[in-house]
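The tour below goes stop by stop.

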Amino acid sequence: MTENTSTSNAWPLWEVFVRASRGLSHVHAGSLHAPDATMALRNARDLYTRRNEGTSVWVVPAEAIAASDPDSKGGFFESAQGKSYRHATYYQQSEGVPHL
Amino acid sequence: MAENTTTLAAVASEEDAAGQENFDRLIAEDSRIEPRDWMPPAYRKSLTRQVSQHAHSEIIGMQPEANWITRAPSLKRKAILMAKVQDEAGHGLYLYSAAETLGTPRDVLNDQLLQGKAKYSSIFNYPARTWADMGAIGWLVDGAAICNQVPLCRASYGPYGRAMVRICKEESFHQRQGWEILYSLSHGTPEQKQMAQDAVNRFYGPALQMFGPPDEDSPNSKQSMAWKVKRFSNDELRQRFVDMIVPQAEALGLTLPDPDLKWNEERGHYDFGELDWDEFMSVIKGGGPMNVQRMARRVQAHEDGAWVREAAAAYARRQAEQNQPAKTQLIGA
């Protein structure tokens, strides 16, 4: 994703997500420019799946993506920090007990 | 460190000082810088230059090979060559995308190439005279590129590293197909073997120069290594490449055109002769055999494609005006 995508007459930027095979999530592969969604999909196929890397492709206008602010990551992700009790490894008493 | 921060704060805003501190920490931790992170203006500028020039090189690099598509000696060779040229276009596009994340729009980068303001790898200013050159380019030029690019997969700038991972996977096909072209020729008629040898003779020196000038003449390398963009020096990479290609040349039954090339037991590396750096500088400055043609061809291709870009944009505009709101459809989780 770019910081500055607004240029005079350039085609809009699209972010490309590829599902490598059935059963897996779509994963961000990269971006490309295209005039519309149809062309974006075709270009994405040609650019990111030349060697059978995908069974499904999504293209999303880059400007439609809302993203968290990297500068505030401390605050934004704070609530998950210091809460090791959310992880199974926090619980030690069951050590050695089968299937636990 | 506290003293350092105070000095910085005196010249830069508090935000910049915090940004610099975070940047320095990420680099020290061997972590990655991502597009929306604060980064020093010099880092942004230097990477924009490096990544876009890398992209330009891929795009210009299509030309010497496209030159042989219509004359490939068999349908299979033609299909392979087309796949390879298409890959080069793809590599250019991956890299332009990565460069754009640094904030310079695609058309600006493209204009820099078309107006001759940006450089591209000078290896592409040499002509591909014979079919054997397709072999030498694949084996030596793409081989040198891989040698240079594998460490770039760990470059500190995330999008650049990710683009390089994808590119390196594809380049290994290029190198092997080039080697096989030379292998076929070197196991053919004496004339074919000679053609292969001539191609290797012509591309050996320029391929070794792809790693850039000797370390003592490469002033930007030090900063690039401090930023963990570059991981090995030009001379280290060049040595690594020479060590790799000597046995590969032996397997081809071809020689490398360097009388000083010999194994150095003490160093555990091959010694090799001085390269023609005057020629290198002259080609970079525009004096290579193909500089003018490569640029003219690129500008012409861009101009010839103008009507396609305009038509596609006009079609998209009209569709957007006529379009009904799309039906919401869940496409997955």
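Start with a term for the side chains: a residue is buried under 20% relative accessible area, exposed over 50%, and partly exposed in between, using a 1.4 Å probe and protein chains only. By that rule D142(B) is buried, because its relative accessible area is 6%.

Before moving on, some ground rules. This is a predicted model, where local features need pLDDT of at least 70 and side-chain atom pairs count only at pLDDT 80 or more, while totals for chains, interfaces and linings use all residues. Residues are numbered from 1 along each chain as its sequence is written, chains are lettered from A and ligands numbered from 1 in the order in which they are written, and side-chain values use heavy atoms, with hydrogens and water left out.

**Stop 1**

The term stands for a side-chain nitrogen of Lys or Arg within 4 Å of a carboxyl oxygen of Asp or Glu. D142(B) is in helix α7 (residues 131-149) of chain B and K84(B) is in helix α5 of chain B, 58 residues apart. Helices (H or I, at least four residues) and strands (E, at least two) are DSSP runs, numbered from the N terminus.

Is K84(B) buried or exposed? At 0% relative accessibility, K84(B) counts as buried.

Now select E65(B). Its side chain meets that of K84(B) in a salt bridge of 2.1 Å, N to O. This pair links helix α5 (residues 75-100) of chain B, which holds K84(B), to helix α4 (residues 62-66) of chain B, which holds E65(B); the two residues are 19 apart. E65(B) is buried, as is K84(B).

**Stop 2**

Select E34(B) and R162(B). Their closest N and O atoms are 3.0 Å apart, in a salt bridge. E34(B) lies in the loop between α2 (14-28) and α3 (41-60) of chain B, and R162(B) in helix α8 (residues 158-186) of chain B, so the bridge ties together parts 128 residues apart in sequence. E34(B) is partly exposed at 27% relative accessibility. R162(B) is partly exposed too, at 45%.

Next, show both chains. Select R50(A), R51(A), D87(B) and E170(B): salt bridges that share partners join them into one network. Over all chains, the count comes to 15 salt bridges.

**Stop 2: charges over rings**

Go to R71(B) and W68(B). The charged end of R71(B) sits over the ring of W68(B), 4.0 Å from its centre. Here "over" requires NZ of Lys or CZ of Arg within 6 Å of the ring centre and within 35 degrees of the ring normal. Then pick R166(B): its charged end sits over the ring of Y94(B), 5.3 Å from the ring centre.

**Stop 3: rings against rings**

Rings of Phe, Tyr and Trp (its six-membered ring) pair if their centres lie within 6.5 Å; planes under 30 degrees apart count as stacked, over 60 as edge-to-face, and the rest as tilted. The whole structure has 11 aromatic pairs over all chains.

Select Y90(A) and Y91(A). Their ring centres are 4.9 Å apart and their planes are at 80 degrees, so this pair is edge-to-face. Y90(A) is partly exposed at 43% relative accessibility, and Y91(A) is partly exposed at 48%.

**Stop 5**

Switch to cartoon view. Three strands of chain A form an open sheet in the order β2-β1-β3, with antiparallel pairing. Two strands pair if DSSP finds at least two bridges between them. The edge strands are β2 (26-33) and β3 (56-61) of chain A, each pairing on one side only.

Select β1 (residues 13-19) of chain A. It pairs with β3(A) in the antiparallel sense over 6 bridges. Zoom in on V18(A), whose bridge partner in β3(A) is V57(A).

**Stop 4: two positive phi angles**

Select N52(A), in the loop between α1 and β3 of chain A. N52(A) is not a glycine, yet its phi is positive, about 60 degrees. N52(A) is exposed, with a relative accessible area of 73%.

Finish at H99(A), in the segment after α2 (73-76) of chain A. H99(A) also has a positive phi of about 60 degrees without being a glycine. At 86% relative accessibility, H99(A) counts as exposed.
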